[in-house]
Amino acid sequence: MRTTRTWTAAMALACAGTLAAAQEGAPVEVLHWWTSGGEAAALNVLKEALGEQGIGWNDMPVAGGGGEAAMTALRARVTAGNPPTAVQMLGFDIQDWAAEGALGNLNDVAEAEGWDEVVPEAIQEFSKYEGNWIAAPVNVHSTNWVWANAAVLEEAGVTEQPETWDEFIAALQAVQDSGKIALAHGGQAWQEATIFDGVVLSTGGPDFYRAAFIDLDPEALGSETMVEAFDRMAQLREFVDPNFSGRDWNLASAMVANGEAGFQIMGDWAKGEFINAGLTPGEDILCFRVPGTEGAVTFNSDQFAMFDVASEEARASQAAMASNIMSPEFQIAFNTVKGSVPARTDISDEAFDACGKKGMADLAAASEAGTLLGSMAHGHANPAAVKNAIYDVVTAHFNGEYDSATAAEELVNAVEAAM
Ligand code: BGC
């Protein structure tokens, strides 16, 4: 994928004396957690784009949504003095590594390509540290989505898209009554946390979400509204099948894809699985915002953070990789496969399916309205220690260890201890 933009950047790099090195194509070693079918297909778009420029790819996959396992593997590599070239990273993790002084600097390529003008503000907050570009954003995902198998809904007599929480519960009940699994879910902490993003937003609205998850206001965390959010989680728990424990998210998506289940509440990476299964989003698979959250978006952006590497060749390949990632052509080719939307504001939605078009419109509207909120579950609301503390409480409650009132109290304690 040679693009005008890529060449513009390449020229700039040539001026900086690094192009010759880039042409030799030091391979990039990429640590990531894109191991499902849809994710691998999207990753291939990137591998191929680099391959066309003679840059090899050493793959370092570490499965697990939210990147917890990948971050543990990364820590081990860095401690051993051998960081990978580029690492898939989310929100606060990027900032934490930058604060440790571990990341390289992408200012040359960012300036040559005008990233400041096209990357949404909310994303730049994570891609830059002390004014310097340290990561290249590949996409914008969001977590407050529901995915539904249209045929399963029809069979169950669910003819209208649920607009309110009560309507959603009624639709889940109808699917369950029809003999299907109502809610496809994988019992892993990060998946429960992903659902919790949408449930908290739906229960309390954007201001409450912000107070609880971004400001970590103990009053919001321990409030009646939070108790109600936990009650809603308990309601959802009634609609998952008995084998949910430990199931991977993409297997839950497959249950929706193959008509075993009606709904899944998951970030739009689930759409990548549906596309990969040959289904058409907006037709075979319906998408809508978690009822009660329309107008707001809980986002996370996958970025490739570049580690500070010694060799000039490796740095040139990092710059070439970043330049590829940021090109409009790549953002379209990648995101139409991944399920996410572009991390640039200047891309037409023409190539995107119905859910992608909605995702792009929702992102722009939420950004305008001040209702674009960082996803707690995916590292865009707080640093890992706080995120993990919230995970523990949410998952313990989902598995019946706490009632809702206790869970809200525990949330206050856990967050306080982690801060
Ligand atoms: C990432 C997505 C990924 C998902 C599941 C999220 O944290 O942002 O890119 O597809 O995890 O692996």
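Ala, Val, Leu, Ile, Met, Phe, Trp, Tyr, Cys and Pro count here as nonpolar, Asp, Glu, Lys and Arg as charged, and the others, Gly among them, as polar. By these classes, the lining of the largest pocket holds 14 nonpolar, six polar and five charged residues.

A word on the model: it is predicted, with local features needing pLDDT of at least 70 and side-chain atom pairs counting only at pLDDT 80 or more, while totals for chains, interfaces and linings use all residues. Residues are numbered from 1 along each chain as its sequence is written, and side-chain values use heavy atoms, with hydrogens and water left out.

**The largest pocket**

The volume of the largest pocket is about 520 Å³. Among its 25 lining residues, P120, A122, L363, S367 and L372 are the closest to the centre. Two or more lining residues come from each of α8 (121-127), α11 (189-214), α18 (354-369) and β14 (372-374), and α18 gives the most, with five. Helices (H or I, at least four residues) and strands (E, at least two) are DSSP runs, numbered from the N terminus.

As for the terms, a pocket is an open set of points on a 1 Å grid over the protein atoms alone, where a 1.4 Å probe fits, with protein on both sides within 12 Å along at least five of seven lines; lining residues have an atom within 4 Å of a point. Grid points are joined across faces, edges and corners, and the volume is the space filled by probe spheres set on the points.

The pocket lies between domain 1 (4-141 + 301-357) and domain 2 (142-298 + 374-418), because both give residues to its lining. These bounds come from an automatic or database domain assignment.

**A three-stranded sheet**

β7, β12 and β14 form an open sheet in the order β7-β12-β14, with mixed pairing. β7 (141-142) and β14 are at the edges with a single partner strand each, so one side of each has no neighbour in the sheet. β7 pairs with β12 (residues 297-300) in the antiparallel sense over two bridges; pairing requires at least two bridges found by DSSP. S142 stands opposite F299 in β12.

Most residues other than glycine have a negative phi.
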